Structure formats: C-alpha cells, structure tokens
Amino acid sequence: MELSLFPRDLFAELDRLQRQVQRAFEFSPSIRGFARGGFPALNVASTPQSVEIYAFAPGLEPKSIDVQLERGVLSIAGERKPALPGEPERATVHVNERFAGRFHRVITLSDDLDPNEVRAAYREGVLHVSIKRLESAQPRRINVN
Amino acid sequence: MSEQTAASRGVDQTAIEQPALLPPVDVVEDDSGITLYADLPGVPKDRLNLQADGETLIIDGEMALEMPKDLEATHVEVNLPRYRRVFSLSKELDPGKLSAELKQGVLKLRIQKAERAKPRRIEVAG
C-alpha cells in the first residue's frame with residue numbers, strides 16, 4: 001500500500017459523494033439568495049386578461065420601490081439596508097446570507113399590455129404587480145349567426 | 001447556534017415533512033444574546049410557525065399570496081410556497097427568553113443568553 005501524507009480515505013470519499021448528492025437535491029439558495037436571477041426573485045404568471053408579477057423583496061419601505069413599465073419592459077429597483085451592525089461593537093456575525101444594497105431587475109413581458117392598467121401592491125415582503133392586457137388583445141367570443 | 005442537516009436532526013421526524021425552501025438568514029451574536037434575521041417573503045404572521053425547545057429552533061412558514069383565477073406560471077424562480085430551516089441551539093441560550101417579530105417578510109428573532117453564560121469581567125487582584 002502506498003504511503004502518503006494524504007491517503008485516499010474511503011469514508012471521506014463517501015462523505016464527499018453524499019454532500020454532492022445532497023446539494024443537487026436541496027432547494028438551497030445560491031450566493032445571491034435564490035437559485036437564479038438575483039434579488040429580488042421573480043415569479044411571473046399570466047391569465048387571459050392580465051400578467052401578474054411577484055417580486056420576493058422582503059424588508060423594504062413600499063414607497064422606496066421604483067417600479068416602471070415601458071414598452072412591455074418592467075423594471076424594479078430599490079435599496080435594502082443591511083440589518084447587520086456596521087461597526088463590530090462586541091458583536092459577532094456568524095451567518096450573513098441575506099441580500100443588502102441596491103438592486104435593479106428588468107423583465108421583458110409581452111407587448112399586448114395596457115400601460116394605463118397597472119396595479120402594484122407590497123404585502124408581507126412581496127411586491128405584486130398586475131398589468132391588464134389591452135382590450136383589443138383579449139380573447140373574444142364571436143357570435144355565429 | 002449551528003445548523004443541522006436533515007440526517008442529524010434531533011427532532012421528531014414522524015410528521016411528514018413537506019419540501020421547503022431554505023430561507024437566507026443573518027445571525028449576529030452579542031454579549032446578551034443572539035439575533036437572527038430570516039427572509040420569509042409572502043408569509044403572514046398566522047402561517048409562521050416557530051418552535052424552540054432546549055436544543056432546536058425550527059422556523060417554518062407558508063406563503064399566502066393573492067392570486068387571481070386561471071393563473072398560469074410563465075417564469076418561476078421561487079418554486080415552493082414554503083420555507084423551513086432548523087438550527088440547533090447551544091446550551092447557554094435560553095429558549096424561554098425568545099422574542100420574534102415579523103415585518104414585511106423579514107423575521108427578527110432574539111434569543112437571550114442565560115444569566116450564567118453572559119461574559120463577566122474578571123478582576124485581577126494584586
């Protein structure tokens with residue numbers, strides 16, 4: 001058997017394998033907080049009448065969120081203040097995973113939206129933007145005579 | 001306070017555990033205790049479940065989002081409506097002295113240290 005300072009250890013290999021498998025199956029947030037896309041995480045859904053955007057942006061002042069819609073492109077910007085103490089006055093930071101700082105996310109939506117029919121609400125840390133589709137773009141039942 | 005993996009959890013596992021997101025947290029310790037901040041966007045107070053016994057702290061929350069009818073997802077980054085994270089508490093923390101507030105999707109949880117565990121200045125005679 002070959003002698004070495006760092007011999008291959010079967011148990012260590014198994015441990016490494018287990019960790020890799022675990023990582024592959026866990027819904028763990030990435031270094032930017034969520035699996036992809038950055039802060040805030042966005043979910044977009046549509047109905048025949050509207051497009052619904054959910055931005056998961058906890059801990060903000062509702063008035064400080066800048067939401068803009070221009071030609072089917074929605075932009076969400078703002079700043080999240082850090083919760084951690086600035087000066088390490090006898091305080092130890094053990095874990096620091098939450099996002100802090102300025103953010104700006106842009107998402108392209110469909111082009112059949114009505115810029116005059118936008119509602120935005122911020123509740124429990126989720127910004128919900130609802131945009132109606134243009135009347136002319138909505139499905140219509142055509143009567144057959 | 002340290003985090004536990006699913007395999008080494010000392011809590012009762014008989015209840016079927018639903019898949020959940022791991023919420024990002026900040027943990028800060030000072031002389032009198034530990035403060036934990038967790039991002040739980042979409043979770044109202046009545047759907048947040050905090051459990052602390054002598055050894056474990058469990059944060060479990062379910063989202064309640066306002067959703068119109070006939071909704072069809074077109075872009076998904078948050079793929080589960082639930083958060084869960086388990087921490088093991090060290091002995092010097094007193095789970096009886098725990099306070100929590102949930103504000104705009106951020107949970108702020110404070111656990112005091114037991115009196116005997118607080119640092120004391122030791123005078124050196126001589």
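In this predicted model, Ile34(B) stands opposite Ile111(B) in strand 9 of chain B. Seven bridges join strand 3 of chain B to that strand 9, and the two run antiparallel. Ile34(B) is also among the residues that touch the most other members of the largest nonpolar core.

**Chain B overall**

- Chain B has nine strands and zero helices.
- From the N terminus on, its elements read β-β-β-β-β-β-β-β-β.
- Of its 126 residues, 25% are buried.
- Among contacts in chain B between residues at least 6 apart in sequence, 60% join residues at least 24 apart.

**Nonpolar cores**

- The largest nonpolar core holds 20 residues.
- Val25(B), Ile34(B), Leu36(B), Tyr37(B), Ala38(B), Leu40(B) and Leu107(B) touch the most other members.
- Strand 2 (25–29), strand 3 (33–39), strand 5 (56–62), strand 7 (82–88), strand 8 (93–103) and strand 9 (106–113) of chain B each give two or more residues to this core.
- A second, separate core has 18 residues, including Leu42(A), Ile76(A), Leu127(A) and Val129(A).
- Val25(B) has contacts in both chains, leaving aside its neighbours within four places in sequence. In chain A they are Val95(A), Glu97(A) and Arg98(A). In chain B they are Leu36(B), Tyr37(B), Ala38(B) and Arg85(B).

**The contact between chains A and B**

- The contact takes 41 residues from chain A and 37 residues from chain B.
- On the chain B side, strand 2, strand 3 and strand 6 (72–75) give two or more residues each.
- Strand 2 of chain B supplies the largest share of that side, five residues.
- By class, the chain B side has 21 nonpolar, six polar and 10 charged residues.
- Strand 1 (residues 41–46) of chain A pairs with strand 6 of chain B in the antiparallel sense, over three bridges.
- Within that pairing, Ala45(A) has Ala73(B) as its bridge partner.

- Strand 1 of chain A is joined to strand 2 (residues 50–56) of chain A by six bridges, and the two run antiparallel.
- Leu42(A), a member of the second core, stands opposite Ala55(A) in strand 2 of chain A.

- Strand 4 (residues 73–80) of chain A has a covered face made of Leu74(A), Ile76(A), Gly78(A) and Arg80(A).
- Its uncovered face consists of Val73(A), Ser75(A), Ala77(A) and Glu79(A).
- Ile76(A) on the covered face belongs to the second core.
- Strand 3 (residues 66–70) of chain A runs antiparallel to strand 4 of chain A, with five bridges between them.
- Gln68(A) has Ser75(A) as its bridge partner.
- Strands 3 and 4 of chain A form a hairpin with two residues between them. In the turn, Arg71(A) has a positive phi of about 45°.
- Eight bridges join strand 4 of chain A to strand 6 (residues 101–108) of chain A, again antiparallel.
- Arg80(A) stands opposite Gly101(A) in that strand 6.

**Ala91(A), in a loop**

- Ala91(A) lies in the loop between strand 4 and strand 5 of chain A.
- Ala91(A) counts as partly exposed because it has 13 C-beta neighbours inside 10 Å.
- Ala91(A) and Leu134(A) are 43 residues apart in sequence and 54 Å apart in space, C-alpha to C-alpha.

Definitions and conventions
Residues numbered from 1 in each chain as written. Chains lettered and ligands numbered in written order. Predicted model: local features only at pLDDT ≥ 70, side-chain atom pairs only at ≥ 80, totals over all residues. Core = buried A, V, L, I, M, F, W, Y, C linked by C-beta atoms within 7 Å. Buried ≥ 20, exposed ≤ 12 C-beta atoms within 10 Å, placed from the backbone. Helix = DSSP H or I, 4+ residues; strand = E, 2+ residues; numbered from the N terminus. Contact = placed C-beta atoms within 7 Å. Nonpolar A, V, L, I, M, F, W, Y, C, P; charged D, E, K, R; others polar. Pairing = 2+ DSSP bridges.
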